[in-house]
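Please have the structure open while reading.

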Amino acid sequence: MHDPAEFRSLHLDRFQAEPALFAAPGRVNLIGEHTDYAEGFVMPAAINFATLAGISPRSDGKIAIYSENYREERTFDTSALPQQGSRHWSDYPMGVVHILAGEGHAMPGFSLSLWGDVPLGSGLSSSASVEVATALAVESLLGVHYPGPGLARLCQKAENQFVGASSGIMDQFISVNGKENHALLLDCRDLSYKLAPIPDCVALVIANTMVKHSVAGGDYPTRRRESESACAVIARHRPEVKFLRDATLEDLERWGQEMQPKALMRARHIISENLRTVAAADALLRGDLKELGRLMAEAHWSYSRDFEASCAEADAMVELAQDLPGLIGARLTGGGFGGCTVNLVEQKDAEAFAATLGERYTERIGIVPQMYICHASGGAHRVA
Ligand code: GLA
């Protein structure tokens, strides 16, 4: 992670004021993809890549936001805050400001600096980490405190209502509530969760295909709509089915012919993914890594073939990992259509695994991937 002391002086130099510092991590999802908005299950872990936010009050009625990643500053008037996003990086922090203001908090002027090392547009939730870091920073200035699930919801709203991306709750939730050395099985219906320890002998090797992914882009909402149309067909017969979380594979057998073929495929992925995710958490909890790996492989091919959210590069990254020493399980992680694969690998083999997978990918695809050997980290916090 970026050195907080260096980040502090960056804020001091620019704004001539001592900042309070906050950090919020990105995440990797071990299993449970496109299930969160269907009120299903996900099992992410926070990772040791994060966004740092530095905040200090100002008295001129302005909100100045500086991004060290984009090397750009934007200024807003607290008396005329934007009501919607403008497809700019500042949408993420300003979305949080917008939602907090909508909650009835009078917005004071402040200077906010942001810096992050979560790879952008790679399916590791750089946006959620910006939202959560901003939320903690602004919260501290307002002197209010939202408990974990409430803070995650607030940031999700910023993304849904201001940025205009129809994402679920997973990314913001894990960024707020991640725990060192643990994955978290989250029930997206009531936001209850169970922590599952990741054994010391297991490394998270994240392989970036370098194909850019965007949740705000067209494919994510299309998949969401398709799956919701399948749910509506089932609900005609079983009105108690409000989300695909409530549906079963038997429902698809009975009423699948009434669905558009693509909708049926999307629903098959989501319904089976929910079952796999709960089973994967059980496997992790009882230390059955072989079963966990098997479920991850099944999840990848369901995501690729039924949900059609993979791409040739991500499929190759998963295939090329299969016979490498130490592999426990590999799959495409995050919103899909590019981004990263997550590989659970025996710690002792992690370095060699990453090097060889990188070489194989370059040879096959002609792109040099970035490889990150990560560990599960704690959630968002104030930096001393
Ligand atoms: C993105 C969204 C999440 C979730 C995943 C897919 O990361 O932000 O809410 O839907 O895609 O599992």
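## Two domains

Two residues are in contact here when heavy atoms of theirs lie within 4.5 Å. The model is predicted, and the protein in it is divided into domain 1 (4–197 + 379–383) and domain 2 (202–374). By the contact rule, 38 residues of domain 1 touch 47 residues of domain 2. The C-alpha centres of domain 1 and domain 2 are 25 Å apart.

## Where the ligand sits

The space that the ligand takes is the largest pocket.

## The shell around the ligand

The ligand is surrounded by 13 residues. Glu33, His34, Asp36, Asp171 and Tyr220 are the closest. Sorted by residue type, the shell has three nonpolar, six polar and four charged residues.

## Polar contacts and cover

Glu33 places a polar side-chain atom 2.7 Å from an oxygen atom of the ligand. For Arg27, a polar side-chain atom is 3.0 Å from an oxygen atom of the ligand. Gly168 takes part through its backbone: one of its N or O atoms lies 2.8 Å from an oxygen atom of the ligand.

On its own, the ligand has 300 Å² of accessible area, and the protein covers 98% of this area.

Notes: Residues are numbered from 1 along each chain as its sequence is written. This is a predicted model: local features need pLDDT of at least 70, side-chain atom pairs count only at pLDDT 80 or more; totals for chains, interfaces and linings use all residues. Side-chain values use heavy atoms; hydrogens and water are left out. A residue is near a molecule or strand if one of its heavy atoms lies within 4 Å of it. A polar contact is a pair of N or O atoms within 3.5 Å; within protein, one must be able to donate a hydrogen and the other to accept it, and residues adjacent in sequence count only if both atoms are side-chain atoms. Accessible areas come from the Shrake-Rupley method with a 1.4 Å probe; for residues, only the protein chains shown count as cover. On a 1 Å grid over the protein atoms alone, a cavity is a set of points where a 1.4 Å probe fits but cannot get out, and a pocket is an open set with protein on both sides within 12 Å along at least five of seven lines; lining residues have an atom within 4 Å of a point. A molecule sits in a cavity or pocket if more than half of its atoms lie within 2 Å of its grid points. Ala, Val, Leu, Ile, Met, Phe, Trp, Tyr, Cys and Pro count as nonpolar, Asp, Glu, Lys and Arg as charged, and the others, Gly among them, as polar. Domain bounds come from an automatic or database domain assignment.
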